[in-house]
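Work through the exercises below with the model open. Try each task before you read its solution.

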Amino acid sequence: MATDPVYREAEQLYNQNKNQETVSYCTRVLAAGQLTRAALEAALIFRGAASRNLEDNAAAIRDFTALLELKPSNTFTLFALEYRSVAF
């Protein structure tokens, strides 16, 4: 997962507390389409987490719910469930 370029870029922005930039980047990536499964999961989890940090709970819940509907890997399932519950 960490080798995916979308994951790496989104993680780097998020870890630098660049929440608005994370949301913007992930939104652009998602809009472009044709993502690998790993890139799609990464874009949703990082955009959701950044949205939550920006107190846009509705957007965060949408992303975490979309991620859960994909039946993601175990790690992302745990993150999505945890973050989604905090956003509520």
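**Exercise 1. Two loop residues**

In which loop is Glu-55 found? Then describe its backbone and its exposure.

Solution. Start with the ground rules. This is a predicted model, in which local features need pLDDT of at least 70, side-chain atom pairs count only at pLDDT 80 or more, and totals for chains, interfaces and linings use all residues. Residues are numbered from 1 along each chain as its sequence is written, and side-chain values use heavy atoms, with hydrogens and water left out.

Step 1: Glu-55 lies in the loop between helix 3 and helix 4. Helices here are DSSP runs (H or I, at least four residues), strands likewise (E, at least two), numbered from the N terminus.

Step 2: read the backbone. Phi of Glu-55 is near 65°, a positive value in a residue other than glycine.

Step 3: check exposure. Glu-55 is exposed, with a relative accessible area of 69%. The cut-offs are under 20% relative accessible area for buried, over 50% for exposed, and partly exposed in between (1.4 Å probe, protein chains only).

Step 4: Gln-34 sits in the loop between helix 2 and helix 3. Its phi is positive, about 50°, although Gln-34 is not a glycine. Gln-34 counts as exposed at 85% relative accessibility.

**Exercise 2. The overall layout**

How many helices and strands does the protein have?

Solution. Step 1: count. There are five helices and zero strands. From the N terminus, the order is α-α-α-α-α.

Step 1: look at burial. Of the 88 residues in the protein, 41% are buried.

Step 2: look at contact range. Contact means heavy atoms within 4.5 Å. Take contacts between residues at least 6 apart in sequence: 52% of them join residues at least 24 apart.

**Exercise 3. Helix 2 against helix 3**

At roughly what angle do the axes of helix 2 and helix 3 cross?

Solution. Step 1: recall the description. Two packed helices are described by the angle between their axes and the distance between the axes.

Step 1: read both values. The axes of helix 2 (residues 19-32) and helix 3 (residues 37-53) cross at roughly 145° and come within 8 Å. Axes are lines fitted to C-alpha atoms, for helices over the stretch in contact, with angles from 0 to 180 degrees between N-to-C directions.

Step 2: list the contact residues. Helix 2 brings Asn-19, Thr-22, Val-23, Cys-26, Thr-27 and Leu-30. Their partners in helix 3 include Leu-40, Ala-43, Phe-46 and Arg-47.

Step 3: follow Arg-47 of helix 3. Arg-47 counts as buried at 19% relative accessibility. Leaving out residues up to four places away in sequence, Arg-47 touches Val-23, Cys-26, Thr-27, Leu-30 and Asp-63.

**Exercise 4. The core**

Solution. Step 1: define the set. A nonpolar core is a set of buried Ala, Val, Leu, Ile, Met, Phe, Trp, Tyr and Cys residues joined through side-chain atoms within 4.5 Å.

Step 1: The largest core has 20 residues, and Val-6, Ala-10, Tyr-14, Tyr-25, Cys-26, Ile-45 and Phe-46 touch the most other members.

Step 2: assign the members. Helix 1 (5-15), helix 2, helix 3 and helix 4 (57-69) each supply at least two residues of this core. Helix 3 gives the largest share, eight residues.

Step 3: Setting aside residues up to four places away in sequence, Val-6 touches Tyr-25, Val-29, Ala-39 and Ala-43.
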